[in-house]
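Trainee: I would like to learn how to read ring contacts and a ligand site. Can we go through one case together?

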Amino acid sequence: MPEQASANLWELSDLCTPWCIHVVATLRIAEHINAGKDQIDDLAAAAGCDPYALHRVLTYLVGKGVFEETTPGRFALNETARGLLDPRQRIGLDLEGIGGRMAYAWGTLLTYVRTGAPGYQELFGLPFWEDLDAHPRIGASFDALIGPTGHGIPNPEFQITGGWASVRTVVDVGGGTGAMLAEILRTRPEINGTLVDLPRTVALSGETFQAAGVTGRVTIVGQSFFDPLPAGADLYLLKGILNDWPDREAMAILTRCAEAARPGGRVVVLGGIGPENAPRALVIEMVLLGGKYRTVSEFRELAREAGLEVVAAERQPSGYFVVECRPI
Ligand SMILES: C[S@@+](CC[C@H](N)C(=O)[O-])C[C@H]1O[C@@H](n2cnc3c(N)ncnc32)[C@H](O)[C@@H]1O
């Protein structure tokens, strides 16, 4: 067996590199270089920052393989630096948007590990979702990160037991700005859909449904998923939702789905559940929200208490681990 190289603790705990990358992304340094401002004084003037400090940051990053210093004080993009031009990368790095909330939140990891509960409020004054409501620009950048600009257009091709033929109505619970629902409706013209999410978020969904040409088949509901959900649909979708919440809240959301789906509907969960032997990952929603990733057997217990029975749970060709439940 090859010997495992021992890790260097100083390199592993280096905070300089991630902060430098966040700073140049926030200051749009790659964009300014791309626009021809490649000399340090012009670059600092364009970015509205201090030339001495910026020079130190860029030279440091050159040493890490990001940017090139072609002659002293003159910078160029290399392949890695060009990645900073991609809006998908930038949203998650920009310290003035959701990228800042995520970066600073790692500073609360000790609280999370000591207590099992997020330390977000200690740092930002409000719990995560309330903080986004209180700061609409940060909220909109979170919605953009989760939506097509950040995570891309979602794949609507997941399988359900017995196939989609009997499904005429879908409620996407916590469906964000509607990207997944728009794709489901675009690829299945016989289906009508309802988007449920917080009022601030559903208000940003119009363009997505319009672009997919499905506006006439969508109902938009700005409400909490802890309140009773629109009842009687064939399928309730929870994509990337339960992993944001501890057990008590996850069970409350599932209970709302079970009540609304009764008697003939189904609840389909994408994301946050995996097989028994899945590696125990540490992910940002744990630190931000006290969220949890669950094994199928952990989820089965939670679902049963919420009045749902798991009827299928498997990794599908789409890559989704799909868990389907029926009301008991
Ligand atoms: C991680 S995002 C997932 C969005 C979408 N389902 C997706 O997969 O892209 C979680 C969503 O839950 C929504 N959310 C958070 N708290 C909520 C609440 N109490 N009621 C309704 N939606 C909520 C957020 O606005 C956000 O859109």
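Trainee: Is Trp19 buried, partly exposed or exposed?

Mentor: Buried means under 20% relative accessible area, exposed over 50%, partly exposed in between (1.4 Å probe, protein chains only). Trp19 has 29% relative accessibility, so Trp19 counts as partly exposed. A word on the source: this is a predicted model, where local features need pLDDT of at least 70, side-chain atom pairs count only at pLDDT 80 or more, and totals for chains, interfaces and linings use all residues. Residues are numbered from 1 along each chain as its sequence is written, and side-chain values use heavy atoms, with hydrogens and water left out.

Trainee: Which aromatic pair do Phe158 and Tyr320 form, and what is the angle between the planes?

Mentor: Rings of Phe, Tyr and Trp (its six-membered ring) pair if their centres lie within 6.5 Å; planes under 30 degrees apart are stacked, over 60 edge-to-face, the rest tilted. Phe158 and Tyr320 are edge-to-face, with 85° between the planes and 6.2 Å centre to centre. Phe158, at 0% relative accessibility, counts as buried. Tyr320 counts as buried too, at 16%.

Trainee: Which rings form a cluster?

Mentor: Ring pairs join Tyr120, Phe124, Phe128, Trp129 and Phe142.

Trainee: Where is a polar backbone atom of Gly174 relative to the ligand?

Mentor: A polar contact is a pair of N or O atoms within 3.5 Å. The Gly174 atom is 2.8 Å from a nitrogen atom of the ligand. A backbone N or O atom of Lys239 lies 2.7 Å from a ligand nitrogen. For Ser224, a polar side-chain atom is 3.1 Å from a nitrogen of the ligand.

Terms used
A polar contact is a pair of N or O atoms within 3.5 Å; within protein, one must be able to donate a hydrogen and the other to accept it, and residues adjacent in sequence count only if both atoms are side-chain atoms.
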